[in-house]
Amino acid sequence: MLSDINNMEREVIAEHVPLSASLFGKVLDFSENGLFLVDSDRKIILWNEWMVQASSLGREEVIGTAFVDVFPNLKGRRIESVINAALDTRTASLLSRSLNKAIFPLYLSEVGGEKRHLEQSVTVKPIQSNGHDYCLIQITDVTPMVQREDVLRVLAKEAGEALQVAEEASRFKSEFTSTVSHELRTPLTSIRGSLGLIVSGVMGELRPEMARLVGIAYNNTERLLFLINDILDISKIESGKMDFVMEPVDLKTLLLQSVEANQAYGEQYEVKYVLNDVDDGVTVYADTDRLMQVLNNLLSNAAKFSSKGAEVEINVIPKDAVIRVEVKDYGNGIPEKFQSRIFEKFSQADGSDTRKIGGTGLGLSISKSIIEQMGGAIGFDTVAGKGATFYIDICLFNDA
Ligand SMILES: Nc1ncnc2c1ncn2[C@@H]1O[C@H](COP(=O)(O)OP(=O)(O)OP(=O)(O)O)[C@@H](O)[C@H]1O
Ligand SMILES: [Mg+2]
């Protein structure tokens, strides 16, 4: 092999590498890149083993032959001018695969004897030695990288298509949910109105059995309306269409209204709401109706999960830039294994059909979205068997 290296090569090698020529020849042959050297006459004077394999041209065929005669198809192509530039103006170049595609007609044998086309990137470097100019060409096989890129491109395309299908399905689902819910809400509101009038007795006295049945129908209509409103809220949250009218809100007034609005509900469970000291003039920055909705859910939960005769306390605690409102009950608390799911949609500690306490498990999930979108936070503390304290941190209004 070494005999293939002519005197000129030896000269170049000897000057640049303080190793024996035979060792240097082996090193070149071990290279996992193609290497060949062209002299100022454009003749090839070095051709490593990798080049022999990839071109199927032995050294005896190429050494001393003009570069363009070895690769006649490359005459007039960019690689020829790049080699000329390296020799004439000592300019180095990199020919990337992406810009220059297949540069040399090279192939590598694969296991099984199949030949595969070689995707390559090529560096062309001018070298000077003993007053002579040479050009070193190094070829790197980038086929594995190109194959990986192809696979990634296909995967990215498939993922993009799957995402599009999922988005369309999700859009359809949320449009469907919201249309159906709206369509249901209108007639239900009218049914509830009519039943409400009958239940209140303004249409005349009802026989006790009839009054009981109409009462059941009225309560169930009410529950259905709550459910539909919750589902509409969830679909608004999921499609990012829940609007907030942020404004300064007087906290004490809002808490008093909220306690009053839930009083009758609390009485059903024989629970009393106690609003502890709240300073006058505390102003938070929130959407009044949405904040009321969150408080209603916390107050109704506290009543539902308290024992009869218990109190539910509402405390206001200032904390740096936020104000914390906590709703504390003395019920059974939240089972440990349920705690991580409590803010998920439709999650209830008791999800059985035999559940005695009403609700759909949407309240806390909606509350969390509302509070977070208003820039606040929601959380809870609980001790099994002793009760639960839910809190919301709301931003204070800063009129500075
Ligand atoms: N104060 C509490 N004490 C004990 N468990 C609670 C308390 N608050 C909530 N939970 C548990 O968390 C579940 C979810 O509450 P959430 O408010 O989301 O739904 P819900 O009250 O069941 O129904 P909805 O609020 O939609 O009418 C409840 O069903 C209950 O299991
Ligand atoms: Mg609830």
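**Helix pair, ligand shell and selected residues**

Modeller: Let us begin with a helix pair. The axes of helix H8 (residues 143-200) and helix H9 (residues 208-238) come within 8 Å and cross at roughly 155°. Keep in mind that this is a predicted model.

Colleague: How are H8 and H9 oriented to each other, roughly parallel or roughly antiparallel?

Modeller: Their axes cross at roughly 155°. Angles over 145 degrees count as roughly antiparallel. H8 and H9 are therefore roughly antiparallel.

Colleague: Is the crossing of H8 and H9 left-handed or right-handed? And which classes of residue make up the contact?

Modeller: The crossing of H8 and H9 is left-handed. By class, the contact of H8 with H9 has four charged, nine polar and 14 nonpolar residues.

Colleague: How far apart are the centres of domain 1 and domain 2?

Modeller: The protein is divided into domain 1 (2-141), domain 2 (148-238) and domain 3 (247-395). Taken over C-alpha atoms, the centres of domain 1 and domain 2 are separated by 73 Å.

Colleague: Now the ligand. Which helices each supply at least two residues of the shell around ligand 1?

Modeller: The shell first: 21 residues surround ligand 1. The closest are Gln-348, Ala-349, Gly-359, Gly-363 and Leu-364. The helices that each supply at least two shell residues are H11 (288-304) and H13 (363-373).

Colleague: Is Phe-24 buried or exposed?

Modeller: Phe-24 is found in helix H2 (residues 21-30). Around Phe-24, 20 other C-beta atoms lie within 10 Å. The cut-off for burial is 20 or more, so Phe-24 is buried.

Colleague: What separates the C-alpha atoms of Phe-24 and Gln-147?

Modeller: Along the chain, Phe-24 and Gln-147 are 123 residues apart.

Colleague: Where is Asp-393, and is Asp-393 buried or exposed?

Modeller: Asp-393 lies in strand E14 (residues 387-395). Its count of other C-beta atoms within 10 Å is 20. That count makes Asp-393 buried.

Colleague: How far apart in space are Asp-393 and Asp-329?

Modeller: In sequence, Asp-393 and Asp-329 are 64 residues apart. C-alpha to C-alpha, the distance is 18 Å.

Colleague: And Ser-93: how far is it from Ile-137 in space?

Modeller: Ser-93 is in strand E3 (residues 93-95). With 16 other C-beta atoms within 10 Å, Ser-93 is partly exposed. Ser-93 and Ile-137 are 44 residues apart in sequence. C-alpha to C-alpha, they are 9.8 Å apart.

Colleague: What is phi of Arg-42?

Modeller: Most residues other than glycine have a negative phi. Arg-42 lies in the loop between strand E1 (34-39) and strand E2 (44-47). Arg-42 counts as partly exposed, with 16 C-beta neighbours inside 10 Å. Its phi is positive, near 70°.

Colleague: Where is Ser-56 found, and what is its phi?

Modeller: Ser-56 is found in the loop between helix H3 (49-55) and helix H4 (59-62). Ser-56 is partly exposed, with 13 other C-beta atoms within 10 Å. Ser-56 is not a glycine, yet its phi is positive, at about 60°.

Key: Residues are numbered from 1 along each chain as its sequence is written. Chains are lettered from A and ligands numbered from 1 in the order in which they are written. This is a predicted model: local features need pLDDT of at least 70, side-chain atom pairs count only at pLDDT 80 or more; totals for chains, interfaces and linings use all residues. A residue is near a molecule or strand if its C-beta atom, placed from the backbone, lies within 6 Å of it. Helices (H or I, at least four residues) and strands (E, at least two) are DSSP runs, numbered from the N terminus. Domain bounds come from an automatic or database domain assignment. Axes are lines fitted to C-alpha atoms, for helices over the stretch in contact, and angles run from 0 to 180 degrees between N-to-C directions. Angles under 35 degrees count as roughly parallel, over 145 as roughly antiparallel, 65 to 115 as roughly perpendicular and the rest as oblique. A crossing is left-handed if the near helix is turned anticlockwise from the far one by less than a right angle, and right-handed if clockwise. Ala, Val, Leu, Ile, Met, Phe, Trp, Tyr, Cys and Pro count as nonpolar, Asp, Glu, Lys and Arg as charged, and the others, Gly among them, as polar. A residue is buried if 20 or more other C-beta atoms lie within 10 Å of its own, exposed if 12 or fewer, and partly exposed in between; C-beta atoms are placed from the backbone.
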